[in-house]
Amino acid sequence: MFPNSILGRPPFTPNHQQHNSFFALSPALYSHQQLIDAHFNFQNADLSRAVSLQQLTYGNISPIQTSASPLFRGRKLSDEKTFPLDGKRQRFHSPHQEPTIVNQIVPFSGERRYSMPPLFHTHYVPDVVRCVPPLREIPFLEPREITLPEAKDKLSQQILELFETCQQQVSDLKKKELCRAQLQREIQLLFPQSRLFLVGSSLNGFGARSSDGDLCLVIKEEPFFFQVNQKTEARHILTLVHKHFCTRLSGYIERPQLIRAKVPIVKFRDKVSCVEFDLNVNNTVGIRNTFLLRAYAYLENRVRPLVLVIKKWASHHEINDASRGTLSSYSLVLMVLHYLQTLPEPILPSLQKIYPDSFSPSVQLHLVHQAPCNVPPYLSKNESSLGDLLLGFLKYYATEFDWNSQMISVREAKAIPRPDDIEWRNKYICVEEPFDGTNTARAVHEKQKFDMIKDQFLKSWHRLRNKRDLNSILPSRAAILKT
């Protein structure tokens, strides 16, 4: 039923065979003509031959079906008699190799063959697209089982209870991954060699049930990867993607918006999962830091509950929104990791120092997911409770950290002097991005917002120190309602 190029070949042409591939002759950059070709692909997609994916059996990719496959009408087969009941849920196996795994990173509860309905129909893919060597999917690796820390006091118990209520569930991630996989097939109609990565809090271990989905579109993978000019090429590429979403997927995606920011994105909402997504182009540092943060998240069992509650606290006090001149969630996570690294008895080390090869910026994108698997649990002698750590975090940034001369560095596992260059000069908060060295807190560019952030650290520290009750700084009802 399926062409050999989809099922019978390895996920990606091996390096020693790449010189025989037609696409090995592709230039390192997309030329103006290639962007025109992508626009041509968009305009000439054969929508009359649209078919639907068979229901996904989670753990396997559902290959793109040919026009010989039965058509869907709505969510039902046009001729159900042609398929026995068992045939609808069967896995597809190639005689040559096992199918590519889509998702293994989060442990799935219950039946691993759980099927979910398709989010939308995919369109017929022209033969020229099928000539592209199948792209490597990042297999989602199951995190090691870690037990939550024991709560011996009221504050620690409140932190754990809020974490267990608000943390992202397996079902939430499944919905995002299904949407990512099918959007990738759609975008490959425009850019056949592209890949779509799920990044950010959805995958780094620090997501809540309310977390949006972040997607990174990589136009070409190694060895042909190139940096995209975010002001010109990225906007043009996203314009094509946005137009495709508006005209072809309006029944499944709503409110698609092209945001022409410093790093332009397409914002949209998936009607089926009700998840809001942000999609960028070739912002690949987000792929790398997703898996670095994931390694930290599962390195020590106090990290994830502490980070999630601090993110909820910051959101409640309106200091967790980079678009409004305050801290991004990414900066907040780095601030928590930095604090845990700088305790007299550290709870976290610098993974980039201990495992430089695993977390090197030169690691190819399709291999970055392997890094967390190579990191064993970290055994700290620090036995502080979650309550004490939350109180210490607030005190550290309220009274101890020198905002004027120091920079937060998770890479170095310490506060380091600010560099004297334009990236850091006259900035109120400096948080080093672990891979590209930029300032993740550059959005805080107004003194009023900076003072508001510092003031909230100080007030919350005083309240929590006096009350030892999480509700004094973060009402549980308000936090749960935003979940």
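Biologist: What makes the charged end of Arg465 count as sitting over the ring of Trp461?

Modeller: This is a predicted model. The charged end of Arg465 lies 4.5 Å from the centre of the Trp461 ring, and the cut-off for the distance is 6 Å, with a further limit of 35 degrees from the ring normal. The charged end of Arg195 likewise sits over a ring, that of Phe197, at 4.4 Å from its centre.

Biologist: How many aromatic pairs does the structure hold?

Modeller: There are 15 aromatic pairs.

Biologist: Why is the pair of Phe393 and Tyr397 called edge-to-face?

Modeller: The ring centres are 5.2 Å apart, and the planes meet at 70 degrees. Pairing requires centres within 6.5 Å, and an angle over 60 degrees counts as edge-to-face; the pair is therefore edge-to-face.

Biologist: Why are Phe393 and Tyr397 separated by about one helical turn?

Modeller: Because they are four residues apart in helix α11, which spans residues 386–400.

Biologist: How do you know whether Phe393 and Tyr397 are buried or exposed?

Modeller: Buried means under 20% relative accessible area. Phe393 has 0% and therefore counts as buried; Tyr397, at 1%, is buried as well.

Biologist: What makes the pair of Tyr397 and Trp403 tilted?

Modeller: Its planes are 40 degrees apart, with 5.6 Å from centre to centre.

Biologist: Which residues do ring pairs link into a cluster?

Modeller: The cluster includes Phe393, Tyr397 and Trp403, and among its other members are Trp313, Tyr339 and Phe457.

Terms used: Residues numbered from 1 in each chain as written. Predicted model: local features only at pLDDT ≥ 70, side-chain atom pairs only at ≥ 80, totals over all residues. Heavy atoms only, no water. Phe/Tyr/Trp six-rings, centres within 6.5 Å; stacked < 30°, edge-to-face > 60°. Helix = DSSP H or I, 4+ residues; strand = E, 2+ residues; numbered from the N terminus. Buried < 20%, exposed > 50% of the residue type's maximum accessible area, 1.4 Å probe, protein only.
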